[in-house]
Amino acid sequence: MTRTIDFGLFAPAGAVMDPEALTRAAEYLLARGHRVVEDPGARARHQRFAGTDDERLAAIRRIAERDDVDVAVAIRGGYGLTRLLDRIDFDALARSGKRWMGHSDFTAFALAALARAGLVTYAGPMAAYDFGAPVPSEFTWEHCVGMLGAHEHGISLALDGPSRAVVEGTLWGGNLSIVAHLVGTPYLPAIDGGILFLEDTAEHPYRIERLLYQLHHAGVLRRQRAVLLGTFTDYELHVHDDGYDLPSVIGHARSRFGVPVWTGLPFGHARDKLTLPVGGRATLIAGDGTAELVLRDHA
């Protein structure tokens, strides 16, 4: 039986475009037997953001200081956390004892928290996109509470990549554009021997390849033991691509970057997603088209 979780919903990046989705998210979590608090600034708007930079910083501080929040869930991504990274006290957030969860633009927060304070966060569902969907994914929910409720969480997956391989290391990553964006800054954690997971949306295959080359030329990829690719959604191929598609990019990456690459990780801008501890430990045991991913040391 899953213990009761106190969820805190806050908006550190983009403005909530569908207020009804936020209402549905709260109702969904309450119906599952959990408690929910909504930050007072959750529905604020300033231009494309959920309030001014100062207002969104205040929202992060408020959630961190609340005694009635266990898990702080970003309402949505979009853009905005990059503007705040040098003003967030990540050490204070680590001391708060909260768990922080989201994906997309939240990758900037997650990687900066790991780099600056060693704080493990969670790449996982967000309030509006996932819990507030008209029909939320049971897969996403089960893996979220499974991850949050256990010191070790094992998942059987259908992954395409090297077979009969066992890889262990620090799990980290998130949105590819954000990971590449943080190269050369103090907000990208220096992970050696890690397992890097990546996803993105609305990026053409050539831009995905270019972002991977950024990580390659910066020396990030060669320091990893494995790369796990999630979903890459909402792009459109053109006539002049002439067969240059995402599988072409993945094949090139496997031949060029000197790191084992697996595809098929259920994570990204898609309905079904795992919850992954950014900074936790992971063991990947790969067979022929199947794999076991064991996550630990994240509580």
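Strand pairing

A: Start with Gly-8: its bridge partner in strand E2 is Val-37. The model is predicted, so local features need pLDDT of at least 70 and side-chain atom pairs 80 or more, while totals for chains, interfaces and linings use all residues. Numbering starts from 1 along each chain as its sequence is written, and side-chain values use heavy atoms, without hydrogens or water.

Strand E1 (residues 6-10) pairs with E2 (residues 35-38) in the parallel sense, over 4 bridges. Pairing takes at least two DSSP bridges between two strands. Helices (H or I, at least four residues) and strands (E, at least two) are DSSP runs numbered from the N terminus.

Now the open sheet. It has 7 strands, ordered E6-E13-E12-E7-E8-E9-E10, with mixed pairing. E6 (152-157) and E10 (261-263) are its edge strands, and each pairs on one side only. Neighbouring strands are turned by 30 degrees on average, direction ignored.

Glu-152 has Arg-296 of E13 as its bridge partner.

Helix H9 (residues 246-256) packs on this sheet. H9 touches E9 (224-233) and E10; contact means heavy atoms within 4.5 Å. The direction of H9 makes about 155 degrees with that of E10. Axes are fitted to C-alpha atoms, for helices over the stretch in contact, and angles run from 0 to 180 degrees between N-to-C directions.
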